[in-house]
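Have the sequence at hand as you read.

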Amino acid sequence: MKIGVIRCMQTEDMCPGGTCFASIKNKKFAFEQLSGELEVVGWNTCGGCPGKKIIPRVLGMVQRGAEAIVLASCMTKGTPIGFVCPHVEQIKEVVKKHLPPEILLIEYSH
(Lines give C-alpha, C1' and ligand atoms only; values in the text may rest on other atoms or scores of the structure.)
Protein backbone atom coordinates (compact mmCIF):
# COMPACT_ATOMS: atom_id res chain seq x y z
CA MET A 1 0.00 0.00 0.00
CA LYS A 2 1.21 3.47 -0.86
CA ILE A 3 0.97 6.08 1.89
CA GLY A 4 1.52 9.78 2.32
CA VAL A 5 2.43 11.27 5.69
CA ILE A 6 1.61 14.78 6.87
CA ARG A 7 3.45 16.04 9.93
CA CYS A 8 3.45 19.18 12.07
CA MET A 9 5.70 21.92 10.75
CA GLN A 10 6.33 23.11 14.32
CA THR A 11 7.78 19.70 15.25
CA GLU A 12 9.92 19.43 12.12
CA ASP A 13 12.95 21.10 13.72
CA MET A 14 13.15 18.63 16.61
CA CYS A 15 11.99 15.37 15.05
CA PRO A 16 13.52 13.80 11.96
CA GLY A 17 10.64 11.31 11.68
CA GLY A 18 12.59 8.29 12.88
CA THR A 19 9.77 6.74 14.90
CA CYS A 20 7.30 7.27 12.06
CA PHE A 21 9.67 5.63 9.56
CA ALA A 22 10.43 2.73 11.92
CA SER A 23 6.71 2.21 12.53
CA ILE A 24 6.10 2.12 8.78
CA LYS A 25 9.03 -0.22 8.12
CA ASN A 26 8.03 -2.64 10.89
CA LYS A 27 4.25 -2.24 10.38
CA LYS A 28 3.66 -1.23 13.99
CA PHE A 29 1.07 0.97 15.65
CA ALA A 30 -1.20 2.60 13.03
CA PHE A 31 0.44 0.62 10.24
CA GLU A 32 -0.46 -2.83 11.65
CA GLN A 33 -3.90 -2.52 10.02
CA LEU A 34 -2.52 -2.05 6.51
CA SER A 35 -2.01 -5.00 4.22
CA GLY A 36 0.95 -5.72 2.00
CA GLU A 37 4.21 -3.87 1.66
CA LEU A 38 4.14 -0.18 2.58
CA GLU A 39 5.66 2.48 0.36
CA VAL A 40 5.91 6.14 1.35
CA VAL A 41 5.02 8.26 -1.69
CA GLY A 42 4.94 11.56 0.19
CA TRP A 43 6.33 13.09 3.39
CA ASN A 44 5.45 16.71 4.05
CA THR A 45 4.22 19.17 6.67
CA CYS A 46 0.84 20.80 7.00
CA GLY A 47 2.53 24.03 5.88
CA GLY A 48 2.37 25.66 9.30
CA CYS A 49 -0.47 26.86 11.48
CA PRO A 50 -3.34 26.73 10.86
CA GLY A 51 -2.64 24.12 8.17
CA LYS A 52 -3.88 26.05 5.14
CA LYS A 53 -1.42 24.29 2.79
CA ILE A 54 -2.49 20.79 3.74
CA ILE A 55 -5.06 20.19 0.98
CA PRO A 56 -2.76 20.73 -2.03
CA ARG A 57 -0.10 18.65 -0.27
CA VAL A 58 -2.50 15.78 0.48
CA LEU A 59 -3.96 15.87 -3.04
CA GLY A 60 -0.43 15.87 -4.48
CA MET A 61 0.26 12.67 -2.56
CA VAL A 62 -2.95 11.14 -3.90
CA GLN A 63 -1.87 12.09 -7.42
CA ARG A 64 1.39 10.24 -6.74
CA GLY A 65 -0.57 7.11 -5.86
CA ALA A 66 -1.20 7.39 -2.11
CA GLU A 67 -3.92 5.00 -1.03
CA ALA A 68 -3.80 6.27 2.56
CA ILE A 69 -2.96 9.59 4.15
CA VAL A 70 -1.47 9.53 7.62
CA LEU A 71 -1.65 12.47 10.00
CA ALA A 72 1.49 11.91 12.04
CA SER A 73 1.34 11.58 15.81
CA CYS A 74 3.01 14.97 16.27
CA MET A 75 -0.23 16.47 15.01
CA THR A 76 -2.83 14.24 16.64
CA LYS A 77 -1.11 13.04 19.83
CA GLY A 78 1.45 15.78 20.44
CA THR A 79 4.35 13.34 20.21
CA PRO A 80 7.20 14.12 21.00
CA ILE A 81 6.59 17.52 22.64
CA GLY A 82 3.26 16.82 24.36
CA PHE A 83 1.40 19.53 22.44
CA VAL A 84 -1.40 18.42 20.12
CA CYS A 85 -2.00 20.62 17.10
CA PRO A 86 -4.63 23.19 18.11
CA HIS A 87 -6.09 22.94 14.59
CA VAL A 88 -6.13 19.16 14.24
CA GLU A 89 -9.90 18.68 14.39
CA GLN A 90 -10.48 21.27 11.67
CA ILE A 91 -7.62 19.79 9.64
CA LYS A 92 -9.11 16.28 9.89
CA GLU A 93 -12.51 17.52 8.74
CA VAL A 94 -11.14 19.47 5.78
CA VAL A 95 -8.91 16.56 4.70
CA LYS A 96 -11.84 14.12 4.91
CA LYS A 97 -13.94 16.53 2.83
CA HIS A 98 -11.32 16.71 0.05
CA LEU A 99 -10.08 13.12 -0.04
CA PRO A 100 -11.58 10.76 -2.60
CA PRO A 101 -13.74 8.20 -0.75
CA GLU A 102 -11.42 5.31 -1.59
CA ILE A 103 -8.46 6.95 0.20
CA LEU A 104 -8.00 5.94 3.82
CA LEU A 105 -7.30 8.62 6.43
CA ILE A 106 -5.21 7.39 9.36
CA GLU A 107 -5.24 9.76 12.31
CA TYR A 108 -1.92 8.86 13.97
CA SER A 109 1.34 7.13 13.18
CA HIS A 110 2.72 5.74 16.45
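## Ser23

Is Ser23 buried or exposed? Ser23 is buried, at a relative accessible area of 3%; buried means under 20% relative accessible area, exposed over 50%, and partly exposed in between, with a 1.4 Å probe and protein chains only.

You will find Ser23 in helix H1, which covers residues 18-25. Helices here are DSSP runs of H or I with at least four residues, numbered from the N terminus. Beyond its neighbours within four places in sequence, Ser23 is in contact (heavy atoms within 4.5 Å) with Lys28, Phe29, Phe31, Ser109 and His110.

## How to read the model

This is a predicted model, where local features need pLDDT of at least 70 and side-chain atom pairs count only at pLDDT 80 or more, while totals for chains, interfaces and linings use all residues. Residues are numbered from 1 along each chain as its sequence is written, and side-chain values use heavy atoms, leaving out hydrogens and water.

## The cysteines

The structure has zero disulfides, a disulfide being a pair of cysteine sulfur atoms within 2.5 Å. Cys8 is in no disulfide, and its nearest cysteine sulfur, that of Cys74, lies 5.3 Å away. Cys8 is buried at 11% relative accessible area, and Cys74 counts as buried at 9%.

## Ile54

Ile54 belongs to helix H2, residues 54-63, and is buried at 0% relative accessibility. Setting aside neighbours within four places in sequence, its contacts include Ile6, Cys46, Leu71 and Met75. Ile54 and Ile6 are 48 residues apart in sequence, with their C-alpha atoms 7.9 Å apart in space.

Conventions:
Helix = DSSP H or I, 4+ residues; strand = E, 2+ residues; numbered from the N terminus.
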